[in-house]
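Look over the model below.

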Amino acid sequence: MDRKEFSQLLKAGNVQGAYLFEGVEENIKAATLQSLRKAILPEGMEELNESVMDAPATDAIIAACETLPFLADKRLVIVKEHPALTGRADADERLISYIPNVPESAILVFICRGKADARKKLYGAIKKANGIVSFAPLTDAELNSWIIKTFAGLGKTVSSQTASVLSFTVGSDTALLRREIEKLAALAGDRDTVTEADVHAVATRSVECTVFEMVDAVVAGQTAKAFGLLRDMLTTGSDRLGILAMLLRQFRLMQHIKIMQFEKLSPGDIKQRLGIAPFAAERCMRQASGYTGGQVKKAVQICLNAEYQVKSGGWNQEGALESAMLEIFALKSGF
(Lines give C-alpha, C1' and ligand atoms only; values in the text may rest on other atoms or scores of the structure.)
Protein backbone atom coordinates (compact mmCIF):
# COMPACT_ATOMS: atom_id res chain seq x y z
CA MET A 1 0.00 0.00 0.00
CA ASP A 2 1.10 3.60 -0.38
CA ARG A 3 1.22 6.26 2.32
CA LYS A 4 -2.28 7.51 1.42
CA GLU A 5 -3.83 4.09 1.94
CA PHE A 6 -2.07 3.76 5.28
CA SER A 7 -3.29 7.20 6.35
CA GLN A 8 -6.85 6.18 5.50
CA LEU A 9 -6.47 3.05 7.64
CA LEU A 10 -5.13 5.19 10.46
CA LYS A 11 -8.05 7.63 10.26
CA ALA A 12 -10.48 4.71 10.28
CA GLY A 13 -8.77 3.14 13.29
CA ASN A 14 -7.92 -0.01 11.35
CA VAL A 15 -4.15 -0.10 11.83
CA GLN A 16 -3.10 -3.42 13.34
CA GLY A 17 -0.39 -6.06 13.13
CA ALA A 18 3.03 -5.61 11.51
CA TYR A 19 4.14 -2.99 8.98
CA LEU A 20 7.25 -2.03 7.07
CA PHE A 21 7.82 1.64 6.20
CA GLU A 22 10.16 1.79 3.20
CA GLY A 23 10.97 4.17 0.36
CA VAL A 24 13.08 7.20 -0.43
CA GLU A 25 10.75 9.91 0.89
CA GLU A 26 12.17 10.03 4.41
CA ASN A 27 10.47 13.25 5.52
CA ILE A 28 6.95 11.99 4.74
CA LYS A 29 7.87 8.66 6.29
CA ALA A 30 8.84 10.38 9.55
CA ALA A 31 5.69 12.51 9.50
CA THR A 32 3.51 9.42 9.01
CA LEU A 33 5.19 7.67 11.92
CA GLN A 34 4.53 10.74 14.07
CA SER A 35 0.87 10.67 13.02
CA LEU A 36 0.71 7.02 14.06
CA ARG A 37 2.19 7.91 17.45
CA LYS A 38 -0.35 10.65 18.04
CA ALA A 39 -3.23 8.42 16.98
CA ILE A 40 -2.54 5.45 19.26
CA LEU A 41 -0.47 6.75 22.19
CA PRO A 42 -2.38 8.73 24.84
CA GLU A 43 -0.84 12.09 25.65
CA GLY A 44 1.50 11.83 28.60
CA MET A 45 1.72 8.04 28.31
CA GLU A 46 3.94 7.83 25.25
CA GLU A 47 7.10 6.59 26.97
CA LEU A 48 5.23 3.84 28.78
CA ASN A 49 3.67 2.48 25.62
CA GLU A 50 6.39 2.76 23.02
CA SER A 51 9.54 0.72 22.36
CA VAL A 52 12.11 1.93 19.84
CA MET A 53 14.90 -0.50 18.99
CA ASP A 54 17.79 -0.59 16.53
CA ALA A 55 18.35 -3.99 14.89
CA PRO A 56 17.19 -5.94 17.96
CA ALA A 57 17.16 -9.70 18.51
CA THR A 58 13.93 -11.59 17.90
CA ASP A 59 13.42 -12.18 21.62
CA ALA A 60 13.43 -8.41 22.26
CA ILE A 61 10.91 -7.74 19.49
CA ILE A 62 8.51 -10.42 20.68
CA ALA A 63 8.87 -9.38 24.33
CA ALA A 64 8.06 -5.76 23.47
CA CYS A 65 5.00 -6.76 21.44
CA GLU A 66 3.73 -9.12 24.14
CA THR A 67 4.00 -6.46 26.86
CA LEU A 68 0.52 -5.15 27.59
CA PRO A 69 -0.07 -1.42 27.09
CA PHE A 70 -0.45 0.75 30.19
CA LEU A 71 -3.65 2.82 30.33
CA ALA A 72 -3.85 2.63 26.53
CA ASP A 73 -5.43 0.37 23.91
CA LYS A 74 -2.25 -0.40 22.03
CA ARG A 75 1.50 -0.51 22.37
CA LEU A 76 3.77 0.76 19.57
CA VAL A 77 6.94 -1.19 18.80
CA ILE A 78 9.34 0.43 16.32
CA VAL A 79 12.26 -1.55 14.88
CA LYS A 80 14.82 0.46 12.93
CA GLU A 81 17.11 -0.95 10.23
CA HIS A 82 16.61 -4.65 10.91
CA PRO A 83 19.47 -6.50 9.16
CA ALA A 84 17.01 -9.07 7.80
CA LEU A 85 15.50 -6.25 5.70
CA THR A 86 18.54 -4.14 4.87
CA GLY A 87 21.63 -6.35 5.15
CA ARG A 88 22.94 -9.80 4.41
CA ALA A 89 21.42 -11.46 7.45
CA ASP A 90 18.20 -13.45 7.33
CA ALA A 91 15.48 -13.37 9.96
CA ASP A 92 15.04 -16.47 12.04
CA GLU A 93 11.91 -18.54 11.56
CA ARG A 94 10.46 -17.43 14.91
CA LEU A 95 10.29 -13.81 13.79
CA ILE A 96 8.90 -14.72 10.37
CA SER A 97 6.16 -16.88 11.90
CA TYR A 98 5.42 -14.16 14.50
CA ILE A 99 4.53 -11.50 11.90
CA PRO A 100 0.92 -12.73 11.34
CA ASN A 101 0.53 -13.32 15.08
CA VAL A 102 1.28 -9.88 16.49
CA PRO A 103 -1.32 -9.38 19.25
CA GLU A 104 -4.16 -6.88 18.87
CA SER A 105 -2.66 -4.92 21.75
CA ALA A 106 0.48 -4.07 19.73
CA ILE A 107 1.47 -2.46 16.45
CA LEU A 108 4.86 -3.52 15.14
CA VAL A 109 6.54 -1.14 12.66
CA PHE A 110 9.81 -1.88 10.89
CA ILE A 111 11.51 1.26 9.56
CA CYS A 112 14.07 1.18 6.73
CA ARG A 113 15.96 4.10 5.29
CA GLY A 114 15.35 3.88 1.56
CA LYS A 115 14.14 0.65 0.02
CA ALA A 116 14.23 -2.67 1.85
CA ASP A 117 15.40 -5.89 0.22
CA ALA A 118 12.24 -7.44 -1.25
CA ARG A 119 14.01 -10.80 -1.63
CA LYS A 120 14.19 -11.32 2.12
CA LYS A 121 11.85 -13.78 3.87
CA LEU A 122 10.93 -11.18 6.49
CA TYR A 123 9.88 -8.79 3.73
CA GLY A 124 7.77 -11.55 2.20
CA ALA A 125 6.08 -12.29 5.52
CA ILE A 126 5.18 -8.61 6.04
CA LYS A 127 3.97 -8.33 2.46
CA LYS A 128 1.76 -11.40 2.89
CA ALA A 129 0.20 -9.64 5.89
CA ASN A 130 -0.42 -6.57 3.65
CA GLY A 131 1.94 -4.51 5.78
CA ILE A 132 4.31 -2.96 3.22
CA VAL A 133 3.89 0.83 3.21
CA SER A 134 5.72 2.52 0.35
CA PHE A 135 7.00 6.10 0.59
CA ALA A 136 7.84 6.89 -3.02
CA PRO A 137 8.71 10.43 -4.16
CA LEU A 138 5.71 12.72 -4.48
CA THR A 139 4.28 13.34 -7.93
CA ASP A 140 4.54 16.89 -9.29
CA ALA A 141 0.92 17.58 -8.34
CA GLU A 142 1.36 16.10 -4.85
CA LEU A 143 4.57 18.07 -4.36
CA ASN A 144 2.93 21.34 -5.33
CA SER A 145 0.03 20.63 -3.00
CA TRP A 146 2.44 19.75 -0.17
CA ILE A 147 4.44 22.96 -0.68
CA ILE A 148 1.32 25.13 -0.64
CA LYS A 149 0.04 23.35 2.50
CA THR A 150 3.41 23.67 4.28
CA PHE A 151 3.53 27.41 3.56
CA ALA A 152 -0.05 27.71 4.83
CA GLY A 153 1.03 26.12 8.09
CA LEU A 154 3.50 28.98 8.47
CA GLY A 155 0.86 31.60 7.71
CA LYS A 156 2.00 32.24 4.13
CA THR A 157 0.40 31.75 0.73
CA VAL A 158 2.05 30.85 -2.57
CA SER A 159 0.69 30.39 -6.05
CA SER A 160 0.85 27.03 -7.79
CA GLN A 161 3.39 28.55 -10.20
CA THR A 162 5.64 29.69 -7.34
CA ALA A 163 5.39 26.25 -5.76
CA SER A 164 6.44 24.70 -9.07
CA VAL A 165 9.40 27.08 -9.37
CA LEU A 166 10.47 26.22 -5.83
CA SER A 167 10.39 22.45 -6.41
CA PHE A 168 12.24 22.90 -9.71
CA THR A 169 14.89 25.04 -7.99
CA VAL A 170 15.42 22.96 -4.84
CA GLY A 171 14.40 19.47 -5.97
CA SER A 172 11.76 17.02 -4.78
CA ASP A 173 13.26 16.07 -1.39
CA THR A 174 10.63 17.34 1.08
CA ALA A 175 13.14 17.54 3.94
CA LEU A 176 15.24 20.01 1.92
CA LEU A 177 12.11 21.78 0.73
CA ARG A 178 10.83 22.23 4.28
CA ARG A 179 14.04 24.02 5.27
CA GLU A 180 13.80 26.26 2.21
CA ILE A 181 10.12 26.97 2.90
CA GLU A 182 10.94 28.01 6.47
CA LYS A 183 13.72 30.26 5.15
CA LEU A 184 11.41 31.86 2.59
CA ALA A 185 8.64 32.37 5.16
CA ALA A 186 11.11 34.14 7.44
CA LEU A 187 12.32 36.29 4.54
CA ALA A 188 8.74 37.35 3.72
CA GLY A 189 8.35 38.78 7.22
CA ASP A 190 5.02 40.57 7.51
CA ARG A 191 4.06 39.82 3.91
CA ASP A 192 1.37 37.19 3.51
CA THR A 193 2.58 35.99 0.10
CA VAL A 194 5.87 34.40 -0.94
CA THR A 195 6.74 35.22 -4.56
CA GLU A 196 8.83 33.77 -7.37
CA ALA A 197 11.26 36.65 -6.83
CA ASP A 198 11.79 35.43 -3.25
CA VAL A 199 12.54 31.94 -4.53
CA HIS A 200 15.05 33.20 -7.08
CA ALA A 201 16.68 35.42 -4.45
CA VAL A 202 17.38 32.95 -1.65
CA ALA A 203 16.43 29.35 -2.50
CA THR A 204 19.34 26.90 -2.62
CA ARG A 205 19.64 25.51 -6.13
CA SER A 206 19.87 21.79 -6.78
CA VAL A 207 22.47 20.39 -9.16
CA GLU A 208 19.69 19.65 -11.67
CA CYS A 209 18.49 23.25 -11.55
CA THR A 210 22.05 24.54 -11.97
CA VAL A 211 22.52 22.27 -15.00
CA PHE A 212 19.36 23.80 -16.49
CA GLU A 213 20.85 27.26 -15.95
CA MET A 214 24.16 26.10 -17.42
CA VAL A 215 22.36 24.88 -20.56
CA ASP A 216 20.53 28.24 -20.74
CA ALA A 217 23.95 29.92 -20.77
CA VAL A 218 25.23 27.50 -23.42
CA VAL A 219 22.19 28.23 -25.63
CA ALA A 220 22.78 31.96 -25.18
CA GLY A 221 26.48 31.61 -25.99
CA GLN A 222 27.45 32.85 -22.50
CA THR A 223 30.67 30.90 -22.07
CA ALA A 224 31.84 32.63 -18.89
CA LYS A 225 28.49 32.14 -17.13
CA ALA A 226 28.25 28.47 -18.15
CA PHE A 227 31.72 27.63 -16.89
CA GLY A 228 31.14 29.72 -13.77
CA LEU A 229 28.08 27.61 -12.94
CA LEU A 230 30.12 24.47 -13.60
CA ARG A 231 32.82 25.72 -11.24
CA ASP A 232 30.20 26.37 -8.55
CA MET A 233 28.90 22.80 -8.83
CA LEU A 234 32.38 21.31 -8.66
CA THR A 235 33.28 23.52 -5.67
CA THR A 236 30.26 22.19 -3.74
CA GLY A 237 31.36 18.59 -4.37
CA SER A 238 29.33 17.58 -7.43
CA ASP A 239 30.84 14.77 -9.49
CA ARG A 240 31.89 15.57 -13.07
CA LEU A 241 30.46 12.31 -14.39
CA GLY A 242 27.17 13.02 -12.62
CA ILE A 243 27.00 16.51 -14.13
CA LEU A 244 27.79 15.02 -17.55
CA ALA A 245 24.92 12.54 -17.12
CA MET A 246 22.54 15.41 -16.31
CA LEU A 247 23.81 17.39 -19.29
CA LEU A 248 23.19 14.35 -21.50
CA ARG A 249 19.68 13.99 -20.05
CA GLN A 250 18.96 17.63 -20.82
CA PHE A 251 19.95 17.36 -24.46
CA ARG A 252 18.05 14.08 -24.79
CA LEU A 253 14.94 15.88 -23.56
CA MET A 254 15.53 18.52 -26.18
CA GLN A 255 15.96 15.80 -28.79
CA HIS A 256 12.61 14.31 -27.78
CA ILE A 257 11.06 17.77 -28.11
CA LYS A 258 12.48 18.20 -31.62
CA ILE A 259 11.13 14.79 -32.66
CA MET A 260 7.68 15.53 -31.26
CA GLN A 261 7.65 18.94 -32.92
CA PHE A 262 8.53 17.26 -36.22
CA GLU A 263 5.55 14.95 -35.63
CA LYS A 264 3.36 18.06 -35.22
CA LEU A 265 2.39 17.41 -31.61
CA SER A 266 0.89 20.34 -29.74
CA PRO A 267 2.92 22.09 -27.00
CA GLY A 268 0.52 20.67 -24.42
CA ASP A 269 1.04 17.11 -25.63
CA ILE A 270 4.81 17.61 -25.71
CA LYS A 271 4.84 18.83 -22.09
CA GLN A 272 2.75 15.88 -20.99
CA ARG A 273 4.89 13.30 -22.81
CA LEU A 274 8.18 14.67 -21.47
CA GLY A 275 7.27 13.39 -18.02
CA ILE A 276 8.80 16.31 -16.13
CA ALA A 277 7.30 19.20 -14.16
CA PRO A 278 5.35 21.69 -16.34
CA PHE A 279 7.66 24.56 -15.38
CA ALA A 280 10.75 22.50 -16.31
CA ALA A 281 9.09 21.33 -19.54
CA GLU A 282 8.43 24.92 -20.62
CA ARG A 283 12.01 25.87 -19.90
CA CYS A 284 13.31 22.84 -21.79
CA MET A 285 11.18 23.76 -24.80
CA ARG A 286 12.66 27.25 -24.78
CA GLN A 287 16.13 25.76 -24.73
CA ALA A 288 15.31 23.44 -27.63
CA SER A 289 14.14 26.40 -29.70
CA GLY A 290 17.72 27.66 -29.73
CA TYR A 291 18.97 24.61 -31.64
CA THR A 292 18.26 22.80 -34.86
CA GLY A 293 17.38 19.12 -34.69
CA GLY A 294 20.80 18.25 -36.09
CA GLN A 295 22.59 20.34 -33.46
CA VAL A 296 20.71 18.69 -30.61
CA LYS A 297 21.49 15.24 -32.04
CA LYS A 298 25.18 16.17 -32.25
CA ALA A 299 25.16 17.47 -28.66
CA VAL A 300 23.77 14.13 -27.47
CA GLN A 301 26.53 12.32 -29.37
CA ILE A 302 29.18 14.59 -27.81
CA CYS A 303 27.93 13.82 -24.29
CA LEU A 304 27.65 10.09 -25.00
CA ASN A 305 31.19 9.99 -26.40
CA ALA A 306 32.62 11.85 -23.40
CA GLU A 307 30.79 9.51 -21.01
CA TYR A 308 32.03 6.42 -22.90
CA GLN A 309 35.62 7.67 -23.00
CA VAL A 310 35.64 8.27 -19.22
CA LYS A 311 33.98 4.96 -18.33
CA SER A 312 36.23 2.97 -20.69
CA GLY A 313 39.37 4.57 -19.27
CA GLY A 314 40.23 6.54 -22.40
CA TRP A 315 39.82 9.93 -20.71
CA ASN A 316 40.12 11.18 -17.15
CA GLN A 317 37.05 12.79 -15.61
CA GLU A 318 39.03 16.01 -15.21
CA GLY A 319 38.63 17.85 -18.47
CA ALA A 320 36.18 15.46 -20.15
CA LEU A 321 33.13 17.46 -19.12
CA GLU A 322 34.76 20.77 -19.97
CA SER A 323 35.82 19.40 -23.36
CA ALA A 324 32.26 18.26 -24.10
CA MET A 325 30.90 21.69 -23.18
CA LEU A 326 33.38 23.42 -25.49
CA GLU A 327 32.31 21.13 -28.35
CA ILE A 328 28.67 21.96 -27.66
CA PHE A 329 29.49 25.68 -27.62
CA ALA A 330 31.14 25.19 -31.01
CA LEU A 331 27.83 23.92 -32.39
CA LYS A 332 26.27 27.31 -31.70
CA SER A 333 29.24 29.41 -32.78
CA GLY A 334 29.70 27.53 -36.05
CA PHE A 335 33.38 26.70 -35.44
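**Cavity, pockets, helix and sheet**

The largest cavity in this predicted model has a volume of about 30 Å³.

Q: What makes this space a cavity and not a pocket?
A: A 1.4 Å probe fits in a cavity but cannot get out, whereas a pocket is an open set of points. A search of the whole structure finds one cavity of 30 Å³ or more.

Q: Which residues line the largest cavity?
A: Arg240, Leu241, Leu244, Val310, Gln317, Ala320 and Leu321 line it. Helix H13 (240-262) and helix H17 (317-333) each supply at least two residues of that lining.

Q: How do the residues of this lining divide into nonpolar, polar and charged?
A: Five are nonpolar, one is polar and one is charged. Leu, Val and Ala count as nonpolar and Arg as charged, and Gln falls among the others, so Gln317 is the polar residue and Arg240 the charged one.

Q: What is the volume of the largest pocket, and which residues lie nearest its centre?
A: The volume is about 690 Å³. The lining has 18 residues, of which Ser7, Ile28, Thr32, Trp146 and Lys149 lie nearest the centre.

Q: Which helix gives the largest share of the lining of the largest pocket?
A: Helix H2 (26-40) does, with six residues. Helix H1 (3-12) and helix H7 (140-153) also supply at least two residues each. By class, the lining of the largest pocket divides into six nonpolar, six polar and six charged residues.

Q: What lines the second largest pocket?
A: Its lining has 29 residues, of which Asp140, Ser167, Phe168, Glu208 and Ala277 lie nearest the centre. The volume is about 550 Å³. This lining divides into 15 nonpolar, eleven polar and three charged residues.

Q: Which helices supply at least two residues each to the lining of the second largest pocket?
A: They are H7, helix H8 (160-170), helix H11 (207-219), H13 and helix H15 (278-288). The largest share, six residues, comes from H8.

Q: Why is H8 called mostly covered?
A: Buried means under 20% relative accessible area. Nine of the eleven residues of H8 are buried, so H8 is mostly covered. Among them are Val165, Leu166, Ser167 and Phe168.

Q: What covers the buried residues of H8?
A: The cover includes H7, helix H9 (174-188), helix H10 (196-202), H11 and H15. Just after H8, Gly171 takes a positive phi of about 115 degrees.

Q: What is the strand order of the open sheet?
A: Five strands run in the order S2-S3-S4-S1-S5, with parallel pairing.

Q: Why do strand S2 (50-54) and strand S5 (132-134) stand at the edges?
A: Each has a single partner strand, so one side of each is left without a neighbour in the sheet. From one strand to the next, the twist averages 20 degrees.

Q: How do you know that S2 and strand S3 (residues 75-80) pair?
A: Pairing needs at least two bridges. S2 and S3 have five, in the parallel sense, so they count as paired. Met53 stands opposite Val79 in S3.

Q: Which strands does helix H6 (residues 121-128) touch as it packs on the sheet?
A: H6 touches strand S1 (17-22), strand S4 (106-111) and S5. The direction of H6 makes about 115 degrees with that of S1.

Note on methods:
Residues are numbered from 1 along each chain as its sequence is written. This is a predicted model: local features need pLDDT of at least 70, side-chain atom pairs count only at pLDDT 80 or more; totals for chains, interfaces and linings use all residues. Side-chain values use heavy atoms; hydrogens and water are left out. Helices (H or I, at least four residues) and strands (E, at least two) are DSSP runs, numbered from the N terminus. Axes are lines fitted to C-alpha atoms, for helices over the stretch in contact, and angles run from 0 to 180 degrees between N-to-C directions. Contact means heavy atoms within 4.5 Å. On a 1 Å grid over the protein atoms alone, a cavity is a set of points where a 1.4 Å probe fits but cannot get out, and a pocket is an open set with protein on both sides within 12 Å along at least five of seven lines; lining residues have an atom within 4 Å of a point. Grid points are joined across faces, edges and corners, and a volume is the space filled by probe spheres set on the points. Buried means under 20% relative accessible area, exposed over 50%, partly exposed in between (1.4 Å probe, protein chains only).
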